[in-house]
Amino acid sequence: MKVIAPGSMIGILGGGQLGRMTALAAARLGYKCHIFCQDKNEPAVAVSAAHTLGAFTDYAALEKFAKQVDVITLEWENVPLEALEFLSQHTSAYPSANVLRISQDRAAEKNFARTNGIGTADFVVVQSIAELEKALESFQLPAILKSTRMGYDGKGQVKVTPGMKAADAWKEMGSDVGILEAFVDFACEVSVIVACRADGAMAAYPAVENIHRNHILAETHAPAGIDPAIANEAEHIARKLTEKLQVVGLLAVEMFVLKQPNKQGQRVLMNEVAPRPHNSGHWTMDACACSQFEQLVRAVCGLPLASISPHNRAVMHNLIGDDIQRWQQILQDPQACLHLYGKTEARAGRKMGHVTYLKGAW
Ligand code: AMP
């Protein structure tokens, strides 16, 4: 396994807050970061040594970028596969294009999970209004129609309720391929973040519980308030997916905890995976010796992975849109660890920062 030593340049595809926090963690270990993104005002640019502005279809810019970095990772999983394949001809890039191919597509990731004995909500791929109409005949409502690609924070998702016309749901989803998915009446939602190196060394953070509002992550509670056997099942799923996908870097796995075991005896179903740092892992910055961002740097640079043991219990709140105006009040609380992403415009639904409240010894 190649070791990329401190002092080297890490290339990051995407300039959002995940890139920003990765760059800050990299700096702590003496690395520099070079961000490839579209706009110089993106959050990661301000804290990085270098940036290249360009589109992921600009191969001249991609090549120039690849030649200036020692290893490449990403903070946005919708990077086009062709761009990642092209970059990896010049420099090692993690995760691989194959991991992205699966994680970019909701149907592919669910099929991958099922092939590996991991449960998911029942689903069917639909490619037209007629196919959706037919699928709805055999689905109990409500069900959820999701675009297979480019969906995040609830975008491209429609809850199909009794009486709703297939054509209206299709239009609202706004894509030409979707999956119709059974509605899961879950007890709670959890996630596990796994770091993995090229030689297979792996470390998994404990399962945490996630609360979504308007389809956007609002809070993460660490640890999840679930039975240890269920937490083990969630961790097992996340480790297995990391191993089978051959992820180098991070894999975040979002899961539903069922109220009762299903027919296969499963209590935990996979919802989706993201091969990058994840919002539900931000608490690790303040409550663990090594954050998810530093683990990513360690994993892609071939350094030893650090302890995932938390020293504190924690609750993370996202600061979305106008929530950011509470920054002064948040700073009054000595247990609150405030992180702001340096975004100038607080649009509705936009993640502006987060705050982690430390809740005492783990
Ligand atoms: P996703 O984009 O798939 O992560 O969905 C965003 C959020 O919508 C999830 O975290 C859940 O809160 C909710 N959701 C998605 N799919 C389902 C489902 N099949 N059943 C119930 N809730 C869901």
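Which polar backbone atom is 2.8 Å from a nitrogen atom of the ligand? It belongs to Val184. Such a pair is a polar contact (N or O atoms within 3.5 Å; within protein, one must be able to donate a hydrogen and the other to accept it, and residues adjacent in sequence count only if both atoms are side-chain atoms).

The model is predicted, so local features need pLDDT of at least 70 and side-chain atom pairs count only at pLDDT 80 or more, while totals for chains, interfaces and linings use all residues. Residues are numbered from 1 along each chain as its sequence is written, and side-chain values use heavy atoms, with hydrogens and water left out.

**Stop 1**

The ligand is surrounded by 15 residues, and the closest are Gln157, Glu181, Val184, Glu189 and Glu272. Coloured by class, the shell shows six nonpolar, four polar and five charged residues. In this scheme Ala, Val, Leu, Ile, Met, Phe, Trp, Tyr, Cys and Pro count as nonpolar, Asp, Glu, Lys and Arg as charged, and the others, Gly among them, as polar.

Show the strands next (DSSP runs of E, at least two residues; helices are runs of H or I, at least four; both are numbered from the N terminus). At least two shell residues come from each of strand E6 (143–147), strand E8 (178–182), strand E9 (186–196) and strand E14 (268–274).

**Stop 2: the domains**

Colour the chain by domain: domain 1 (9–93), domain 2 (122–182) and domain 3 (186–361), with bounds from an automatic or database domain assignment. Why does the ligand lie between domain 2 and domain 3? Both domain 2 and domain 3 give residues to the shell around the ligand, so it lies between them. The centres of domain 1 and domain 2, taken over C-alpha atoms, are separated by 34 Å.

**Stop 3: two sheets**

Select the four strands E3-E2-E1-E4, which in that order form an open sheet with parallel pairing; two strands pair if DSSP finds at least two bridges between them. Strand E3 (50–53) and strand E4 (71–74) are the edge strands, each pairing on one side only. From one strand to the next the twist averages 25°, with axes fitted as lines to C-alpha atoms and angles running from 0 to 180 degrees between N-to-C directions. Zoom in on strand E1 (residues 9–13) and strand E2 (residues 32–37), which are joined in parallel by five bridges. There, Leu13 has Phe36 in E2 as its bridge partner.

Move to the antiparallel open sheet, with four strands in the order E5-E8-E6-E7. Strand E5 (123–126) and strand E7 (157–160) each have a single partner strand, so one side of each is left without a neighbour in the sheet. Here the twist averages 20° from one strand to the next. E6 and E8 run antiparallel and are joined by five bridges; Ser147 has Gly178 in E8 as its bridge partner.

**Stop 4: backbone exceptions**

Most residues other than glycine have a negative phi, and most peptide bonds are trans. Select Tyr94 and Pro95, joined by a cis peptide bond with omega of about 0°; Pro95 is placed in the loop between helix H3 (81–88) and helix H4 (97–103). Another cis peptide bond, with omega of about 0°, joins Ala222 and Pro223. Pro223 is in the loop between strand E12 (216–222) and helix H8 (228–245). Finish at Asn214, which has a positive phi of about 50° although it is not a glycine; Asn214 is in the loop between strand E11 (208–213) and E12.

Definitions and conventions: Near = heavy atom within 4 Å.
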